[in-house]
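Welcome! Please take a moment to look over the sequence and the 3D view before reading on.

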Amino acid sequence: MKPTTLYEKLWRAHVVREEADGTALIYIDRHLVHEVTSPQAFEGLKLAKRPLWRVNSILATADHNTPTTHQEVIADPVSRLQVDTLDKNCAEYHITEFPMGDHRQGIVHVIGPEQGATLPGMTVVCGDSHTSTHGAFAALAMGIGTSEVEHVMATQTLISKRAKTMRVVVDGVLPKGVTAKDVALAIIGHIGTAGGTGYAIEFAGSAIRSLSMEGRMTLCNMAIEAGARAGMVAVDETTIEYVKGRPFAPQGELWDKAVNYWRTLVSDEGAVFDKEVTLNAVAIEPLVTWGTSPEMVVSINDCIPDPQLEKDPIRREGMERALKYMDLPAGKPMSSISIDKVFIGSCTNSRIEDLRSAAEVLKGKKIAANVKLALAVPGSGLVKAQAEQEGLDVIFKEAGFEWRNPGCSMCLGMNDDRLSAGERCASTSNRNFEGRQGAGSRTHLVSPQMAAAAAIAGHFTDVRALIK
Amino acid sequence: MQAFTQVTGVVLPIDRSNVDTDAIIPKQFLKSIHRSGFGPHLFDAWRYLDEGQPGQDCSKRPLNTGFVMNQPRYQGASILLARDNFGCGSSREHAPWALSDYGIRALIAPSFADIFFNNCFKNGLLPVVLPEAVVDKLFKAVLATPHYQLTVDLTNQQVRTSDGESFSFEVDGFRKYCLLNGFDDIALTLRHAEDIKTYEAQRQLAEPWIFGVNR
Ligand code: SF4
């Protein structure tokens, strides 16, 4: 048989029917739902009097609007209405939901894998672009719009076309202080934010195989920032170990049967990809973004690039606009940029390993006097509990961080956590777009360790000097 | 869904690449539980000098007169001209809802982000991909001519200028069919309900764990 890529295997296993022009109906195994992109879908269903096709494919939680400070009811009435609407819809349709206050509640992309609701070989969709996260489990996971959310609810399928395939191979050993986040930023810096458009990316190579599931999720999470709707990593022992014993995972005989199948979810030797990109892990350094797009990224020891040296006029203008927005001059060393706030959290970097790695840097230290606020926001109630059990909360608090409840928090400022205009933040989230963390906000994307290092120094600094 | 056959109208040039959906409709407006009313907040952060809030009356807000959308010559635009990777970032369908609520019917760019591109078709908006050189030429023409108009013709897959020049574009057959007829995807898919059931039954045998009861 012709060797096939992981993507092709997942695709073929889910085609319900395919038209001559390649348009296909793809069966959806898991549908994750949150409060922001679902109300109009439920409304559409009700108006058309359509039932849900398969209720137990859905898992819902509120995350974007939920306050991370202790609040019995959400103070903002507009946010409250959106969260209440989700609760009501879930009750009405008998959908499993982890509502605010449930100890399992959290960011949708953290709780899916944590519950074993995301399994290898599944198609996973959610009305959220960072659904690519779940590809870390060799699942075909894609972000969809609200009309598609409604379509999946009503038909259990998605209308889709086969993507082109790209393999990004990262070989070698990642240096200490260089994490999955840096790998993700390095890839985006290399191929650009539109480099993956139209592709499903498979991340491969020895550096990827040596990543934990948390690291793989960070990487796949950022696939969408490279323009790819889906990112994925093949199944190996790390995948299977992680899934084992999770609440929604199969057990007993079914488990063995599942594992047998899952082990086939790898790209065959000799499979051909439409595009191949290779990076050397050893050469990746801790990275910091300087502009308003994740591709505007340099090493911590570099300086801000000079737009005048950019030949392409559209790119040059983009760089100039970004520097103006960020209030930064070309040529400034990254390590001399001081910060106002620090955010450790988001679906990119709020899992236990992220918190551990930041705590390792923070232990016994204090945040700098110029840092007005430093937030540590676990991705879920279970991550929070685990971190507290390990005493990480104490390390964060003693360093001067606020230890919050789970949610999207300052990643996008739909809740109370946001930057004021002009404030500069070292953030472990995934988007540094204009206004993303609040109107006029200035975001620099970094890894949790780099965010912790910046918190202590009061400016960006090479974390490698702080850890053994 | 609103059908799309052909649109002739004023062209609004948004001359920057990587315009993300946060820019098209900022996050505070995502709290709405409805599909309409986003038009006045299209490009809110660029369009007004103050910070927009959901549900407010926008007619009294201070305008950023430096932003193209506020210039008289672009009023009533129904076609948006953009650069590479338009609509990147968040999957929010509020972006096409805002564009369409404002009156935009077609978009032209050298490339679009995937999810946004998809979302447009679901909302009666036509995203047209034209080569970079053509888009560049159109930008020059729009900037040089007040109230510059174009025709976007889906039936013949052409963008036409008022002096008769035309550029053809590709569009997926199925999407074209749905857009021309204003068809709702769900109704079309449900015609294949039997296929879905057959598929589901097979999968249930092969991978029963997918269908387990939620705890
Ligand atoms: S953490 Fe940020 S990127 Fe992730 S789902 Fe929430 S808002 Fe979106």
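The paragraphs below walk through the interface, one arginine and some aromatic rings.

This is a predicted model, in which local features need pLDDT of at least 70 and side-chain atom pairs count only at pLDDT 80 or more, while totals for chains, interfaces and linings use all residues. Residues are numbered from 1 along each chain as its sequence is written, chains are lettered from A and ligands numbered from 1 in the order in which they are written, and side-chain values use heavy atoms, leaving out hydrogens and water.

Let us start where the chains meet. Here 60 residues of chain B are in contact with 83 residues of chain A, contact being heavy atoms within 4.5 Å. Together the two chains bury about 5800 Å², 55% of it on carbon and sulfur atoms; buried area is the accessible area (1.4 Å probe) that two parts lose on being put together, summed over both. Nine salt bridges cross this interface, each a side-chain nitrogen of Lys or Arg within 4 Å of a carboxyl oxygen of Asp or Glu. One of them joins R17(A) to D195(B), with the closest N and O atoms 2.8 Å apart. On the side of chain B that touches chain A, helix 8 (193-206) is among the elements that give two or more residues, and helix 8 gives the most, with nine residues. Helices here are DSSP runs of H or I with at least four residues, and strands are runs of E with at least two, numbered from the N terminus.

Next, find R431(A), in the loop between strand 18 (424-427) and strand 19 (442-445) of chain A. Is R431(A) buried or exposed? R431(A) is buried, because its relative accessible area is 1% and buried means under 20%, with exposed over 50% and partly exposed in between (1.4 Å probe, protein chains only). Among the residues that R431(A) touches are E225(A), G89(B) and S90(B).

Finally, turn to the aromatic rings. The structure holds 19 aromatic pairs over all chains; rings of Phe, Tyr and Trp (its six-membered ring) pair if their centres lie within 6.5 Å, and planes under 30 degrees apart count as stacked, over 60 as edge-to-face and the rest as tilted. F43(B) and F67(B) form an edge-to-face pair, 5.9 Å centre to centre with 65 degrees between the planes. This pair links distant parts of the chain, 24 residues apart. F43(B) is buried at 0% relative accessibility, and F67(B) is buried at 9%.

Definitions and conventions
Lists of a residue's contacts leave out its neighbours within four places in sequence.
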